[in-house]
Amino acid sequence: YGLAPFRNPYRHCSKCQTFELCFLERGVLINIMKAVLQRVSSASVSLTATKALVSRIEKGICVLVGVGRGDTVEDVKWLCKKLLGVRLFCDSDGKPWTKSVVDISGEILLVSQFTLLHVLKGHKPDFHNAMSGEEARVLFDTLVKMLQSSYAADKVQVGAFGEYMSVSIENDGPVTLTLESPARTPVTATSPQPSCSGEAE
């Protein structure tokens, strides 16, 4: 069909000891949106500097969301569906893993968390996989609006995007899941990418 043979870009870099940075070095964006989902009895967000309360929920889920450089609205749609459908709660008979946050009329707290897109360069985290702030805000806000329209506006709370926050989470269980949107065909980067200058193995 006239397609060039696919070569796996995930070659191991002997210098930075990561796969992702070498992936970016080849001018490719990683199409994965990441989230850490926790079942909570309560959760809240305050501004660290002023101690002002930003938002608070009771029983439901607290979700830390990391937006990657290659993410699109398709990743937002995928994550929205998963958050509303995943069964973390018990039914009236106490049977576990049968009810979603929607089923129990629970609340959702969304907190932006670019550090989920980290890779480690030795002992230092690197965040080149994270989308830039203003672009990420657009997709994060889209996720908020999508959840509010698909569920209930008063049931979906948010943190303070781009601010230094104190996040209090009373994890129920504890129950914690990590979610990653399906990786799609890599796309070419539109801006120069950093090079780790290591040798690929």
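Trainee: How much of the protein chain counts as buried?
Mentor: This is a predicted model, where local features need pLDDT of at least 70, side-chain atom pairs count only at pLDDT 80 or more, and totals for chains, interfaces and linings use all residues. Residues are numbered from 1 along each chain as its sequence is written, and side-chain values use heavy atoms, with hydrogens and water left out. Buried means under 20% relative accessible area, exposed over 50%, and partly exposed in between (1.4 Å probe, protein chains only). Of the 201 residues in the protein chain, the buried share is 41%.

Trainee: What share of the accessible surface belongs to carbon and sulfur atoms?
Mentor: Accessible areas come from the Shrake-Rupley method with a 1.4 Å probe, and for residues only the protein chains shown count as cover. The protein chain has about 11300 Å² of accessible surface. The carbon and sulfur share is 53%.

Trainee: How many helices and strands does the protein chain have?
Mentor: Both are DSSP runs, numbered from the N terminus: helices are H or I with at least four residues, strands are E with at least two. The count for the protein chain is three helices and twelve strands.

Trainee: Are H2 and H3 parallel, perpendicular or oblique?
Mentor: Two packed helices are described by the angle between their axes and the distance between the axes. Axes are lines fitted to C-alpha atoms, for helices over the stretch in contact, with angles from 0 to 180 degrees between N-to-C directions. H2 (residues 73–85) and H3 (residues 133–150) pack at about 40°, with axes 10 Å apart. Under 35 degrees is roughly parallel, over 145 roughly antiparallel, 65 to 115 roughly perpendicular and the rest oblique, so H2 and H3 are oblique.

Trainee: Which residues of H3 make the contact with H2?
Mentor: Contact means heavy atoms within 4.5 Å. H2 brings Val73, Val76, Lys77, Leu79, Cys80, Leu83 and Leu84. From H3 come Leu139, Thr142, Leu143, Met146, Leu147 and Ser150.

Trainee: Where is lysine 51, and is lysine 51 buried or exposed?
Mentor: Most residues other than glycine have a negative phi. Lysine 51 has a positive phi of about 70°. Lysine 51 sits in the loop between strand S2 (34–47) and strand S3 (53–57). With a relative accessible area of 63%, lysine 51 is exposed.

Trainee: What is the relative accessible area of tryptophan 97?
Mentor: Tryptophan 97 also has a positive phi, near 60°. Tryptophan 97 is in the loop between strand S5 (87–89) and strand S6 (99–100). Tryptophan 97 is partly exposed, at 47%.

Trainee: Which residues does serine 100 contact, leaving aside neighbours within four places in sequence?
Mentor: Serine 100 belongs to strand S6. Serine 100 counts as buried, at 5% relative accessibility. Its contacts are Leu84, Gly85, Val86, Arg87 and Phe89.

Trainee: How far apart in space are isoleucine 57 and lysine 155?
Mentor: Isoleucine 57 is in strand S3 and counts as buried, at 1% relative accessibility. Beyond four places in sequence, isoleucine 57 touches residues including Val40, Glu107 and Gln157. Isoleucine 57 and lysine 155 are 98 residues apart in sequence, and their C-alpha to C-alpha distance is 8.3 Å.

Trainee: Which strand holds proline 174?
Mentor: Most peptide bonds are trans. The bond from glycine 173 to proline 174 is cis, with omega near 0°. The strand that holds proline 174 is S11 (residues 165–180).
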